[in-house]
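Look at the model first, then read on.

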Amino acid sequence: MAVHVWWLLTVVVVAFHSASAVVVESTWEVEYKYWWPDCKEGIVMAINGQFPGPTIDAFAGDTVIIHVVNKLSTEGVVIHWHGIRQKGTPWADGAAGVTQCPINPGETFTYKFIVDKAGTHFYHGHYGMQRSAGLYGMLIVRSPKERLIYDGEFNLLLSDWWHQSIHSQELALSSRPMRWIGEPQSL
Ligand SMILES: [Cu+2]
């Protein structure tokens, strides 16, 4: 798997959680949208109209169920849950061509898995260059045993951002000789 360069910072407020695990469930529609993350309009991959995608906030031991609806016109899509071990649910790992076929345009696939390990994780598209197009978000798994007490919480998710489309990025990277599209325009 590709090495991701990410900076992920979270200050977590303590929370008391009931001993019983719960189900965290939602439906995500993935589509392209015009957006201007750094004031220059471009095309991003959005989930339910949001970029970055919605934050999943759960406790270790909870079950996460996400119904992913592919509303892209011409591309498959998958979501990989970075940092989740997927014990007993390898088909929910979201690696296109490895653990599942891409979800076709117009189709829905349901991911169901247990978030077994506390941490500030993230999820991202794992098909083609879709992560670079903005298909990612936070996956926060809290520990029911947290004992530290904080005054507040602030989550920050950072990523490189290029003005060139993921299609020109991909073509440049796979060209022989490779073409260098330059440093990202934003962070
Ligand atoms: Cu990953």
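## A hairpin to start

This is a predicted model. Begin with strand S2, residues 23-35, and strand S3, residues 42-47. Six bridges join the two, and they run antiparallel.

S2 and S3 form a hairpin with six residues between the strands. Find Cys39 in this hairpin: its phi is positive, near 80°.

## The sheet that holds the hairpin

S2 and S3 belong to an open sheet of four strands. Read across it, the order is S3-S2-S5-S7. Its pairing is mixed. S3 lies at one edge and strand S7, residues 108-114, is the other edge strand. Each of these two pairs on one side only. From one strand to the next, the twist averages 20°.

Now move to the S7 side. Strand S5 covers residues 63-70 and is joined to S7 by seven bridges. These two strands run antiparallel. Which residue of S7 is the bridge partner of Thr63? That partner is Ile114.

Strands pair through backbone hydrogen bonds, in either a parallel or an antiparallel way. In a regular strand, side chains alternate between the two faces of the sheet.

## A second open sheet

Another open sheet has four strands in the order S4-S9-S8-S6. Here too the pairing is mixed. The edge strands are S4, residues 56-59, and S6, residues 79-82. Each pairs on one side only. The twist averages 20° from one strand to the next.

Start at S4. Four bridges join S4 to strand S9, residues 136-142, and the two run parallel. In this pairing, Ala58 stands opposite Val141 of S9.

Next comes the pairing of S9 with S8. Six bridges link these strands, in the antiparallel sense. His124 has Tyr136 in S9 as its bridge partner.

End at S6. Strand S8, residues 119-125, pairs with S6 over four bridges. Are S6 and S8 parallel or antiparallel? They are antiparallel. Ile79 marks this pairing, with Gly125 in S8 as its bridge partner.

## In brief

Two open sheets have been traced. One runs S3-S2-S5-S7, and the other runs S4-S9-S8-S6. In the second, S4 and S9 are parallel, whereas S8 and S9 are antiparallel.

Note on methods. Residues numbered from 1 in each chain as written. Predicted model: local features only at pLDDT ≥ 70, side-chain atom pairs only at ≥ 80, totals over all residues. Pairing = 2+ DSSP bridges. Axes fitted to C-alpha atoms, helices over the stretch in contact; angles between N-to-C directions.
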